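Hi,

Here is the structure I promised to pass on. Have a look at it first, and then read my notes below.

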Amino acid sequence: MHAAAVTFDQLSVRFAGRQREVVALDNVSLAVPCGTVFGFLGPNGAGKTTAIHVLLGFQQASSGRATLFDCDVRAAIARQRIGYLPEHPDAYRFLSGREMLLFAGKLCGLSGAILAQRIQHVLQEVDLSDAANRRIATYSRGMRQRICLAQALLHEPDLLILDEPTGGLDPIGRLLIRRIITDWRQRGKTVFFSSHELSEVELVCDQVCILARGRIVAQGAPHQLAGPGERLEQFFMRVVEATAAQEGR
Ligand SMILES: Nc1ncnc2c1ncn2[C@@H]1O[C@H](COP(=O)(O)OP(=O)(O)OP(=O)(O)O)[C@@H](O)[C@H]1O
Ligand SMILES: [Mg+2]
């Protein structure tokens, strides 16, 4: 039995709206075993980013609990082993990519030759070596996404939390993300990521969970969830449409 890198235990998050309360997460329970790749799926507004924000300590749970490596997410120590790519990544635009990584590495306690070596390595991993000395202000959107991903990888965290890592990336960039995720898994590390790219998800994930309107509507290995001859995308449509129909939409 693996230890869990991430758990949600009956996690709910509610936001006070102008007219009525928004239930972003409704009693969500799941466990992500260490050393696995876990895909967090669901239509726009399903609650994926909200759940990730709870893990990062940006958002408090209304009820229930979340843990990282068996440590309550509210404890600062919980986040030391994490690399995070936000949904809308941005960086200090007046710095070059290399300077940004130097700054981030120092914040993580890296320095000297080890930091220089790691920077070289992650720049190659995200294919930005040639643009490393340019200001981030001159980067395209996909390049900013890549430099932020490089930052998430820099300190070789045990858990990568990626909120739509392929958003804004070209097909080569998507392949690069797939390689990074499988490489991370081969090294015994854990990846928890949200995505709408279901054809990528079914290639790399050990487990997926589908959220709809804040609730888990399916969970399991991609090939076990989809019926014979069915792609994950078709299964996703089926289960999300069935949930919407049940709720009278
Ligand atoms: N700060 C907030 N205040 C009020 N409602 C919010 C807030 N943050 C999120 N929500 C609501 O919570 C729900 C879940 O949003 P969330 O961003 O978690 O969805 P998501 O699954 O990440 O969607 P997407 O695929 O579009 O990124 C939505 O209905 C959203 O409007
Ligand atoms: Mg989101």
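**What I found**

Strand S7 (residues 159-163) and strand S8 (residues 190-194) run parallel and are joined by five bridges. One pairing to look for is Leu-160, whose bridge partner in S8 is Val-191. Do keep in mind that this is a predicted model.

Helix H5 (residues 171-186) lies across S7, S8 and strand S3 (37-41), and runs at about 150 degrees to S8. Helix H8 (residues 232-246) also packs on the sheet, where it touches S3, strand S9 (207-212) and S10. The direction of H8 makes about 30 degrees with that of S9.

Zooming out, the sheet is an open one of six strands, in the order S6-S7-S8-S3-S9-S10, with mixed pairing. At its edges are strand S6 (82-85) and strand S10 (215-220), each of which pairs on one side only. Ignoring direction, neighbouring strands here are turned by 15 degrees against each other on average.

Then there's the ligand. Which residues surround ligand 1? The shell is made up of Phe-15, Val-22, Ala-24, Gly-42, Asn-44, Gly-45, Ala-46, Gly-47, Lys-48, Thr-49, Thr-50 and Glu-87. Two elements give two or more residues to this shell: strand S2 (22-33) and helix H1 (48-56). H1 gives the most, with three residues. By type, the shell around ligand 1 divides into six polar, four nonpolar and two charged residues.

Cheers

How values were computed
Residues numbered from 1 in each chain as written. Chains lettered and ligands numbered in written order. Predicted model: local features only at pLDDT ≥ 70, side-chain atom pairs only at ≥ 80, totals over all residues. Near = placed C-beta within 6 Å. Helix = DSSP H or I, 4+ residues; strand = E, 2+ residues; numbered from the N terminus. Nonpolar A, V, L, I, M, F, W, Y, C, P; charged D, E, K, R; others polar. Pairing = 2+ DSSP bridges. Axes fitted to C-alpha atoms, helices over the stretch in contact; angles between N-to-C directions. Contact = placed C-beta atoms within 7 Å.
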